[in-house]
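User: I have a structure open that I have never looked at before. Could you walk me through some of it?

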Amino acid sequence: MHTLNIGILAHVDAGKTSLTERLLFDHGAIDRLGSVDAGDTRTDDGAIERQRGITIRSAVAAFTVGDTQVNLIDTPGHSDFIAEVERALAVLDGAVLVLSAVEGVQAQTRVLMRTLRRLRLPTLVFVNKVDRAGARADGLLDDVRRLLTPHIAPLTTVRDIGTLRARVTAVPLASLAEPLADVDPDILAAVVDGPAPTPADLHKALAAHTADGSFHPVLFGSALGGEGVGDLVDALVRLVPPAPTTTGGPPRGTVFAVRPGPGGERTAYLRLYDGEVTARQKLTLLRRDADGRTGEVSGRVTRLDVIGGSGPLTAGNIAALTGLAGVRVGDRLGELTDQEAQFAPPTLETVVTARRPDQAARLRSALLALADQDPLIHARPAADGSTALLLYGEVQMEVLAAGLAQDHGIEADFAPGRVRFLERPRGAGEAGEENPWLDGTRHWATIGLRVEPGERGSGGVFTYETELGALPRAFHQAVEETVHTSMRTGLSGAAVTDYRVTLIRSGFVAPLSTAGDFRGLTPYVLRRALERARTRLYEPYHAFETEVPLDALAPVTAQLASLAAEFTGTTGGGTAWVITGELPARRVREMELRLLGLTRGEGVWWSRVSGDRELRAP
């Protein structure tokens, strides 16, 4: 038996969780269909997910078809949880992109397909809700070609679409010849010069180009009614190849989800690419932090639950592991690669405070624990007892607030989110102190630091010009850790990035010096060095694409220009205009709201973080 790890992706409310329930029910993995409306679905297992009717965390469930086990990863559809989607993509063999036959191609659908195409991940498009009033087929296929990808072909067709009598049937294989000719030179030659491609030729080309992500089969159906779902499963098994694996070497895999347990233990979901993992086995996971530093966490597997099976975790499959204290999302088993996240880290900053002062310490502990499990949630405590968080959007704030109340009994207030700015050093600056008195306390430590610009994208780097043996290891570690912690707040209050800090002088007084002396003195010396280096302030930008009606081009471009957008292109002009460019992130929400009025609700907006630029003077 071989394994396929398949992601179900969609815009909110397209029906992906309902499709997951149908697949599990039809293949005997569950004994009744759950309902999103009733809040009793298998994969939306959290109380908040059930209440809100949206998927927040990636979940895994399995079913078997013949000699193939299919692991379904049901991913979030809301843009605030795009990081969860990114984690799922990293462990997938293929994907199903779900569209609603009624609503059609939506903004998040386009974001997802862009990423799937860039990764060249085998992707099937499932057009759901064909039995709903307002469903359409031909016009929707035209939208898919225009807005998502030109290289598609339906493997099924639907009769009586938009009614409860809707029925799905397979199309003749010969109908795929022309669409496949656009991506396959052999099929093109056969279509143009003859003889006509055989069914075997067409199936081979379909499988090959689905596998390399250059062609996307489309299937119609209804997740709630079950119509057409069998054709989707058949296409998945036939067209999506399992990832190549090896069994003789050391284990290699990725942790793509972490769930906290009631006793504080963590359950890690591990996708294994090579080797084998067994219960009681000791594992060492590697990680690279945001500042570029590497670390590791070790532990012995106390429990091993293989998805859809039992026994050891083998290459190609997924298991839930406990026993690895401190495990985080993104930790890697085996060699640490340079693979980058597919989505930029969050840029929306908020401050969280407890409504009841006596819960402030518990709130801070809960938020720091969440950030420790998930490296894309950045939390840092403030001196006034509040905690600053970096998130993706307002909905994520609401979900976190509900989770704190339900899971921890803490009522918390989230300040309105604001875009997070960054500082970078302008030049080099040095400072040093030897056993100084600060705020009435003697610090028995000698520290000299030089701050200078680092390479773009390097985060933060700490180096030495002093002899490593000149200080005890604990003192060295105290200086390095405090430098990175202190750089979270720069001269303007923003976090400092892309810096290089060098320890140029050090000393201690035995037996008086302690690590606390070095932790206390480091921020003071670092601040003086940073003031001498000076910094520049940067703001994040979004690359955007918006599609607007023909008569809305002038007012939309004028509005974008007033918000300091820089244009990279304007195309179309037949049925609509597509405008592309870059916009300061702090202006994106305003533009999204104004676009609705400027286009009578017909405009489509897509954007994502595209880097940052030096803040311009107003």
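This is a predicted model: local features need pLDDT of at least 70, side-chain atom pairs count only at pLDDT 80 or more; totals for chains, interfaces and linings use all residues.

User: OK, helices now. Which residues of helix H5 are buried?
Analyst: Helix H5 spans residues 138–147, and its buried residues are Leu-140, Leu-141, Asp-143, Val-144 and Leu-147. Viewed down the axis of H5, these buried residues fall within an arc of 155 degrees, so they line one face of the helix.

User: What do those buried residues pack against?
Analyst: The buried residues of H5 pack against S4 and H4, against strands S5 (123–128), S6 (152–154) and S9 (216–220), and against S32.

User: Switching to charges: how many salt bridges does the structure hold?
Analyst: There are 36 salt bridges in the structure. One of them brings together the side chains of Glu-545 and Arg-114, with 2.1 Å from N to O. That pair links distant parts of the chain, since Glu-545 belongs to strand S32 (residues 535–549) and Arg-114 to helix H4 (residues 107–119), 431 residues apart.

User: Is Glu-545 buried or exposed? And what about Arg-114?
Analyst: Glu-545 has a relative accessible area of 13%, so it is buried, while Arg-114, at 33%, is partly exposed.

User: Which residue does Arg-528 meet in a salt bridge?
Analyst: The side chain of Arg-528 meets that of Glu-433, at 2.5 Å from N to O. Here too the pair links distant parts of the chain, with Arg-528 in helix H13 (residues 515–533) and Glu-433 in strand S25 (residues 429–434), 95 residues apart.

User: And where do Arg-456 and Asp-498 lie?
Analyst: These two side chains meet in a salt bridge with 3.8 Å from N to O. Arg-456 lies in the loop between strand S28 (445–453) and strand S29 (460–464), and Asp-498 lies in the loop between strand S30 (495–496) and strand S31 (499–508), so the pair ties together parts that are 42 residues apart in sequence. Arg-456 has a relative accessible area of 53% and is exposed, whereas Asp-498, at 4% relative accessibility, counts as buried.

User: What about H12 and H13, at what angle do they pack?
Analyst: Helix H12 (residues 473–486) and H13 pack at an angle of about 40 degrees, and their axes are 8 Å apart. The crossing of H12 and H13 is right-handed. Among the residues that meet there are Phe-475, Val-479 and Val-483 in H12, and Phe-518, Thr-522 and Leu-526 in H13.

User: Last topic, the open sheet: in what order do its seven strands come?
Analyst: The order is S14-S13-S18-S10-S11-S17-S15, and the pairing is antiparallel. Strand S14 (294–300) and strand S15 (303–306) stand at the edges, each with a single partner strand, so one side of each is left without a neighbour in the sheet.

User: Over how many bridges do S13 and S14 pair?
Analyst: Strand S13 (residues 282–288) pairs with S14 over seven bridges in the antiparallel sense, and Leu-285 stands opposite Val-297 in S14.

Technical notes:
Residues are numbered from 1 along each chain as its sequence is written. Side-chain values use heavy atoms; hydrogens and water are left out. A salt bridge is a side-chain nitrogen of Lys or Arg within 4 Å of a carboxyl oxygen of Asp or Glu. Helices (H or I, at least four residues) and strands (E, at least two) are DSSP runs, numbered from the N terminus. Buried means under 20% relative accessible area, exposed over 50%, partly exposed in between (1.4 Å probe, protein chains only). The arc is that of the directions from the helix axis to the C-beta atoms. Contact means heavy atoms within 4.5 Å. Axes are lines fitted to C-alpha atoms, for helices over the stretch in contact, and angles run from 0 to 180 degrees between N-to-C directions. A crossing is left-handed if the near helix is turned anticlockwise from the far one by less than a right angle, and right-handed if clockwise. Two strands pair if DSSP finds at least two bridges between them.
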